[in-house]
Amino acid sequence: MASKVRPSLLLRLVVVVLAATVASFARAAVVPVFDESYEAQYGADGHHLINRGTEVKLILDRSSGAGFRSKSIYGSGLFHMRMKIPSGNTAGVVTTFYLISQPENGGHDEIDFEFLGDKAGRPVTLQTNLIIDGQSYREQWLRLWFDPAAAFHDYKILWNAYQLVMFVDDTPVRVLRNLTAAVPGYPFPSKPAMLIRGSIWDGSSWATDGGRAKLDWSRAPFTAAFRGFDVDAACAVGNVTPPCYDDPAALWWNGGEYEALSDAQRAAYESVRNNSMVYDYCTDELRFNSHVPLECSYV
């Protein structure tokens, strides 16, 4: 004889299952808010850094710019941010997302995404730069295949023991392998105490046409927007949030697929170098008197 289930019991079971399903979707849909992992660094006057929870606007006008930083310092990870930069005549405006080691002294490390504004009708330049042991001369300039002021896009920094990779919408745009064990004197950012930062500021002295095109304050205010405040990274030794791990292998961004570019990623990276890169310090022999930096031989 088939078992009989009372309607009331069946209804309760259905309700429980539906409630669990809704809760699961709700957890999956949670979007991290700014205050969980970040805090204002400057411009926190209610006018220049506007915190709307899942989105922060940084505003530059004649009185101030704005910036934020992570509450923790990190030793490795896949760092990411969604950004929409100012539009229009933005000559002299610099919008950034970057990592910088602590303490900030003459020997610090830094990994930079820097958007260099330009005159109306001219494409914005994305400058990536690496500062290693305080030495800053590793600029590369890209003209992106989209307008970074028209919509939000993803910008990521994979930094682990094997490589440093900078991504734009999952496309590698800069790669530095860690060859320090095999090549004496090879530079690689290795200081395990990185802050995450974002900012907007006046770079009129250098950012556009070598500083010849200045910021036009009649066009102010200039507004950059940031989203995506979850952090996939391991805190540096001595920090407590997020949890630290003694075993680097326990961190997913140190797994096999993150040790080197895949064939598809390598092909995409070569395409960017061939089609979107407009300046590479490694090819600037005049600047370095025909002796380009060591890492340029291992691209």
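Helices (H or I, at least four residues) and strands (E, at least two) are DSSP runs, numbered from the N terminus. With that in hand, let us walk through this predicted model, in which local features need pLDDT of at least 70 and side-chain atom pairs count only at pLDDT 80 or more, while totals for chains, interfaces and linings use all residues. Residues are numbered from 1 along each chain as its sequence is written, and side-chain values use heavy atoms, leaving out hydrogens and water.

Start with the overall picture. The chain has 3 helices and 17 strands. Of its 299 residues, 46% count as buried, where buried means under 20% relative accessible area, exposed over 50%, and partly exposed in between (1.4 Å probe, protein chains only). Among the contacts (heavy atoms within 4.5 Å) with a separation of 6 or more, 66% involve residues 24 or more positions apart.

Next, look at strand S15 (residues 222-227). Strand S3 (residues 55-60) pairs with S15 in the antiparallel sense over 6 bridges; two strands pair if DSSP finds at least two bridges between them. Here Ile59 stands opposite Thr223 in S15. Strand S5 (residues 74-84) also runs antiparallel to S15, joined by 3 bridges, and Met83 has Phe226 in S15 as its bridge partner. Arg227 deserves a look too: its charged end sits over the ring of Phe152, 3.8 Å from the ring centre. For that label, NZ of Lys or CZ of Arg must be within 6 Å of the ring centre and within 35 degrees of the ring normal.

Now for the aromatic rings. A search of the whole structure finds 19 aromatic pairs. Rings of Phe, Tyr and Trp (its six-membered ring) pair if their centres lie within 6.5 Å; planes under 30 degrees apart count as stacked, over 60 as edge-to-face and the rest as tilted. Tyr38 and Phe68 form an edge-to-face pair, 5.5 Å centre to centre with 90 degrees between the planes. This pair links distant parts of the chain, with Tyr38 in strand S1 (residues 38-42) and Phe68 in strand S4 (residues 66-70), 30 residues apart. Phe68 also forms an edge-to-face pair with Phe229, at 6.4 Å centre to centre and 85 degrees between the planes. Phe229 lies in the loop between S15 and strand S16 (232-235), 161 residues from Phe68. Phe68 counts as buried because its relative accessible area is 0%, and Phe229 is likewise buried at 1%. Phe34, Tyr38, Phe68, Phe226 and Phe229 form one aromatic cluster.

Ser76, in strand S5, is buried, with a relative accessible area of 8%. Its side chain makes a polar contact of 2.9 Å with that of Trp253. A polar contact is a pair of N or O atoms within 3.5 Å; within protein, one must be able to donate a hydrogen and the other to accept it, and residues adjacent in sequence count only if both atoms are side-chain atoms. Not counting residues up to four places away in sequence, Ser76 touches several residues, including Trp159, Asn160 and Leu251.

Asp280, in strand S17 (residues 277-280), is buried as well, at 6% relative accessible area. Leaving aside neighbours within four places in sequence, Asp280 is in contact with Glu139, Gln140 and Arg273. A polar contact of 3.2 Å joins the side chains of Asp280 and Gln140.
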